[in-house]
Amino acid sequence: MTTKIEGSNWKVSWQFLSLILALTFGGIGFAATSVLLRLPTSPSCSKVSLFFSSATNRIYCAQLKAEQNTVDDLLDAIALLRVLSEDHPLRNEINRHISEWSNDILILAQSKFDQGNLEEAIAIARKIPEDVANRTMIEEKISEWGEIWQSAEKIQEDVEAKLRESQWNQAFLEAVNLLNVDNEYWQTTKYQEIVKTINLAREESKQLDGAYVALRQGGVDNLLKTIEIASIIPATSYSYNEANKLIEEAENKIVVIVEEYLGDNDWNNLSNLASQIPEKSRLKNQARDWNILASAGRNANLGTVSSMELAIAEAEQIPSDSKLYLQSRELIQNWLAQKEDLVYLASAREIARSGEIEDLNAAIAKAELIGSENPLYRESRREINKWQREIQVIQDRPILIQARQIAEGGNVQSWQNAINTATQIKSNRALYSEASDLIRQWRRNIERVEDRPILDQAIALGSNNNYQQAINVASRIGRGRALYSEAQTNIRNWRREINAQEDLENAYQIAQNSDPQSLLQAINIARRIPSNSSVGYQSRQAVEQWSEQLLNNAMRIAETYSLSALEDAINIAQMIPRGTPAYNTAQQRIKTWKRNLFPGFNGENPSNIEEVPLQETSY
């Protein structure tokens with residue numbers, strides 16, 4: 001029994017052991033097959049693991065790197081596969097990945113280029129290993145970027161050149177060319193920056209309009225205003241060169257004005273101008289020298305020895321490198337000479353103070369030491385002329401006093417003797433003008449005494465109506481004589497009397513015809529005769545008489561009561577001048593005759609009756 005039981009247990013144990021072995025080796029085989037047929041789910045990509053890993057594991061790790069899509073990760077991915085041999089079974093897949101990742105790097109480089117980072121784009125492109133990419137293609141791409149970039153920079157340079165020349169419209173037209181550049185950065189960001197720059201430059205340039213106006217107007221104030229406005233433009237502005245040109249032109253004109261001031265010794269205006277030069281102006285150093293020289297000039301003009309010494313000391317402050325140095329040296333030499341001559345002139349004035357002829361001559365001799373090239377020469381000549389006149393007055397005054405004493409005789413002979421004495425004073429002497437006035441007065445006294453009988457005779461003839469004889473006598477008084485003007489006035493009056501008499505006589509002769517036209521002509525002639533003439537009263541009486549005669553003629557003609565007669569009567573009556581006694585009667589008659597001619601006449605002149613213009617009279 002026991003034996004059977006043991007055999008049965010062994011049989012069971014053997015079968016169980018076989019099952020265990022089958023399951024064990026089957027699991028191992030299945031596991032090995034699974035490993036060979038698929039990649040591990042989470043392999044290690046550390047440097048140590050990769051050193052011992054298979055190609056498939058490298059490809060997996062490279063793919064993980066490449067998915068980051070950065071330049072460094074893509075390069076690392078390429079580096080993982082580059083170490084595999086050229087005859088590797090997976091070479092085709094490896095090359096495909098390397099080519100794809102090289103293109104991705106080039107795309108990233110292109111993106112940098114489009115963003116405006118040329119140097120970075122080139123650096124990225126050149127990181128692609130030469131043995132895994134088409135180096136010629138990469139260099140061509142880099143060259144293409146360079147050409148595009150150079151083209152854009154050339155457009156930018158052209159824009160800047162136009163801006164520096166203030167050609168705003170041309171600059172904008174050049175900037176538009178950036179829109180055709182095959183680069184997003186230049187088409188957008190850079191284009192907008194340049195357009196903004198153009199607009200800013202244009203606005204800054206408008207600020208210079210006032211400077212241009214002031215420069216054209218000229219004058220110190222306007223030139224300083226030009227500098228003030230143009231100085232506002234900053235150095236970064238494209239209008240800076242334009243502003244500098246304006247400042248330079250204004251400063252050059254100021255220098256010309258300064259030269260005029262210096263030439264005219266106009267020290268006050270020079271000082272005022274120098275004090276107004278702006279601190280930042282290139283003329284500021286020169287303005288300091290102008291101010292020094294202006295102060296020296298003003299002191300020199302005081303004309304004293306001490307002021308000359310002060311002027312010289314100030315002028316010596318002008319440095320040797322100054323543009324005014326040579327001129328300051330010349331002024332110093334002149335002022336040194338003036339200082340010496342001031343001593344001469346002061347000494348001469350002191351000598352002349354006594355007023356004695358001997359001292360005056362000595363003062364003249366002293367002053368004549370001042371040469372004609374010296375600025376004090378004119379002043380010295382004025383003093384010399386004054387002293388010479390004083391000498392002449394001292395010498396000639398006794399002659400003039402003697403002549404006055406002689407003229408006190410009050411007759412022709414004494415006046416003539418006074419004239420003979422006064423004529424000793426010649427035309428170049430100080431008292432010549434006074435002597436001439438006295439001589440003229442005495443001569444007119446003589447002329448009055450000589451010509452008064454002639455004029456009195458003429459006046460007597462004129463009082464007796466001997467007008468022509470009076471004219472003949474008065475005409476003997478020649479032009480320029482003392483009584484010439486009085487004689488001519490009387491001659492004009494006498495000629496007026498002659499003309500009045502002739503006119504009245506002529507009017508009487510014409511009026512003798514007694515017809516209306518003759519009477520009207522006589523009236524007009526008589527009315528020209530002045531009322532203050534000797535025949536003025538006669539002429540007025542004649543006008544009244546002839547007016548009455550016209551009225552009587554008109555009334556006589558109107559008595560026929562025919563239409564033509566009434567018209568003639570009206571025409572004659574209208575000839576009667578206003579102011580005569582017959583005028584009012586004539587006007588009443590005219591109205592009556594017109595009512596007879598035109599029933600319903602209201603006093604206005606009908607259109608078919610022509611009025612003779614009435615002559616005004618002085619009555």
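Asn 465 lies in the loop that joins helix 20 (432-463) to helix 21 (467-474). The model in which this residue sits is a predicted one. The protein contains 26 helices and zero strands. Of its 619 residues, 38% are buried. Among contacts between residues at least 6 apart in sequence, 58% join residues at least 24 apart.

**Loop residues and backbone angles**

- Most residues other than glycine have a negative phi.
- Asn 465 is not a glycine, yet its phi is positive, at about 65°.
- With a relative accessible area of 45%, Asn 465 is partly exposed, because that class runs between 20% and 50%.
- Ser 514 is likewise not a glycine and has a positive phi of about 65°.
- The loop that holds Ser 514 runs between helix 22 (484-511) and helix 23.
- Ser 514 has a relative accessible area of 34% and is therefore partly exposed.
- Arg 528 is found in the loop between helix 23 (516-527) and helix 24 (536-558).
- Arg 528 has a relative accessible area of 55% and so counts as exposed, for which the cut-off is over 50%.
- The C-alpha atom of Arg 528 is separated by 9.4 Å from that of Leu 504, and the two residues are 24 residues apart along the chain.

- Helix 7 (residues 135-164) has 30 residues.
- From its first C-alpha to its last, helix 7 reaches 43 Å, close to the 44 Å expected at 1.5 Å a residue.
- The buried residues of helix 7 include Ile 138, Ile 142, Trp 145, Trp 149, Ala 152, Ile 155, Val 159 and Leu 163.
- An α-helix has 3.6 residues a turn, so residues three or four places apart point the same way.
- Gln 156 also belongs to helix 7.
- Gln 156 is buried because its relative accessible area of 19% falls under the 20% cut-off.
- Leaving aside residues up to four places away in sequence, Gln 156 touches Trp 186, Lys 190 and Ile 194.

**Helix 13 against helix 14**

- The axes of helix 13 (residues 267-276) and helix 14 (residues 284-301) come within 8 Å and cross at roughly 155°.
- Helix 13 is therefore roughly antiparallel to helix 14, since the angle is over 145 degrees.
- The crossing of helix 13 with helix 14 is left-handed.
- Helix 13 contributes Trp 267, Asn 268, Leu 270, Ser 271 and Ala 274 to the contact, while the residues from helix 14 include Ala 287, Trp 290, Leu 293, Gly 297 and Arg 298.
- By class, the residues of the contact of helix 13 with helix 14 are seven nonpolar, five polar and one charged.

**Helix 16 against helix 18**

- Helix 16 (residues 325-352) packs with helix 18 (residues 377-407) at an angle of about 15°, and their axes are 11 Å apart.
- Helix 16 and helix 18 are therefore roughly parallel, as angles under 35 degrees count as such.
- The crossing of helix 16 and helix 18 is left-handed.
- In this contact, Leu 345, Ala 348, Arg 349 and Ala 352 of helix 16 meet Glu 379, Ser 380, Glu 383 and Trp 387 of helix 18.
- The residues of the contact of helix 16 with helix 18 comprise four nonpolar, one polar and three charged.

Note on methods: Residues are numbered from 1 along each chain as its sequence is written. This is a predicted model: local features need pLDDT of at least 70, side-chain atom pairs count only at pLDDT 80 or more; totals for chains, interfaces and linings use all residues. Side-chain values use heavy atoms; hydrogens and water are left out. Helices (H or I, at least four residues) and strands (E, at least two) are DSSP runs, numbered from the N terminus. The expected span of a helix is 1.5 Å times one less than its number of residues. Buried means under 20% relative accessible area, exposed over 50%, partly exposed in between (1.4 Å probe, protein chains only). Axes are lines fitted to C-alpha atoms, for helices over the stretch in contact, and angles run from 0 to 180 degrees between N-to-C directions. Angles under 35 degrees count as roughly parallel, over 145 as roughly antiparallel, 65 to 115 as roughly perpendicular and the rest as oblique. A crossing is left-handed if the near helix is turned anticlockwise from the far one by less than a right angle, and right-handed if clockwise. Contact means heavy atoms within 4.5 Å. Ala, Val, Leu, Ile, Met, Phe, Trp, Tyr, Cys and Pro count as nonpolar, Asp, Glu, Lys and Arg as charged, and the others, Gly among them, as polar.
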